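Please open the model in your viewer and get ready to select residues as you read. We will walk through it stop by stop.

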Amino acid sequence: MISQASLRRFFKTFSKATVGLPKAEGNLYEAFVFLELCRQAQVSGFDVEMVSVNGDYRVRASPGYFGGDFGYAILSAPGRKRYEIHNGIQFIGNSRMEHEADIVLVGEKQPQGTGQPSALYVLIECKFYDSASRLKGEVRKAVGAVLDLSCSNHQSKGGHVQGCIHCGCRFTPFFVTNIVSGRRPDIQTFLKTYEVDPMFGVFEGGSGLPHFRGAFRLLLRALP
Amino acid sequence: MAESAEELLRELETAAREYAPVEAELFAITARDDLADWRQTQDRERQSELGEERIPAQYRSRAEEFLVFDAFVRIFLDPIATAVAIGSMLDEMSNLEIRSLTFGRFGDDGASGGQISRDNIPQLRHDRNELQELTAEFGRATFGNIFRTADFWGRRE
């Protein structure tokens, strides 16, 4: 039997600790994954500069185009191209529908105020814990967005431009979540089937964090 | 020990309502969805394919309580642990000289989405440790000797 006194103490502390923190756990999780990616870039030999105002880094808590007064990270290394990492970017897909990309690794100097990136390398969909049924909706949404944002496209029967993942989308898509690996094997397999790399158990101390770090170090080191 | 997953869920939800009503609601909905998904999976031929992998071996006889407890950890512990991890990363990458993260929406100048300041991290770390200790106490009360913290939130920082 759980002690009622301990339960009260738990929720009192929880309530106090969360004052001022982002109410949307998804925003908090996105910031965590963003910083992990920045850290892996540092470990992989990049200098990382986070664009901030007087030490305050402004995180997008709602999607928008490149630009505005939101922060982003600049990656640079001698003899290599420069890159940027942004969060909460809205992109226009092949169908002309807009999709939010939680985190993107792109080439430097993106066109401001538009949803059409030049040189997209990595797209990460972040998902803080959710129930199995809602998670299925999220992964279908993620696969749909990757398909529509794919740089390979064809003409549909109705004459529309449709994205194609079979010809290669030309960026690397990931689905990153704090849900422990193995809890939802069917969902992980669904993502793999459609070329989206599932990264489960990505949280502080989580079993998926070493895999996340290793995969991104390899990817970052392979960038030109 | 709680006698059923429903009882455990009600016990945690009721206690949460007083201090964290929004999260209590989220927890109850999520855990009930997960229980329903698990129960309907049990009726299908895919039980062995899916079920065996989803629940760690030592919890299989208490699979429903495991799902409820996992939802509790993800909803009530992970946000605090994530905020602490963000602070630790900012400390590690000290050359970035970032003192705070302010979460703002498009067209909104303030910190409407919340803020994490490096100055608040020591207190948050203390709170996280206390929450983890209490959750471990709840885990032992629910599962007895089979409970291990590593099955839910891994190593401590």
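## Where the chains meet

Start by colouring the two chains separately: the contact (heavy atoms within 4.5 Å) takes in 65 residues of chain A and 75 residues of chain B. This is a predicted model, in which local features need pLDDT of at least 70, side-chain atom pairs count only at pLDDT 80 or more, and totals for chains, interfaces and linings use all residues. Residues are numbered from 1 along each chain as its sequence is written, chains are lettered from A in the order in which they are written, and side-chain values use heavy atoms, with hydrogens and water left out.

Now show the surface. Chain A and chain B bury about 6,200 Å² between them, 62% of it on carbon and sulfur atoms; buried area is the accessible area (1.4 Å probe) that two parts lose on being put together, summed over both.

Next, select A:Arg9 and B:Glu130, which form a salt bridge with their closest N and O atoms 2.9 Å apart. The interface has six salt bridges (a side-chain nitrogen of Lys or Arg within 4 Å of a carboxyl oxygen of Asp or Glu).
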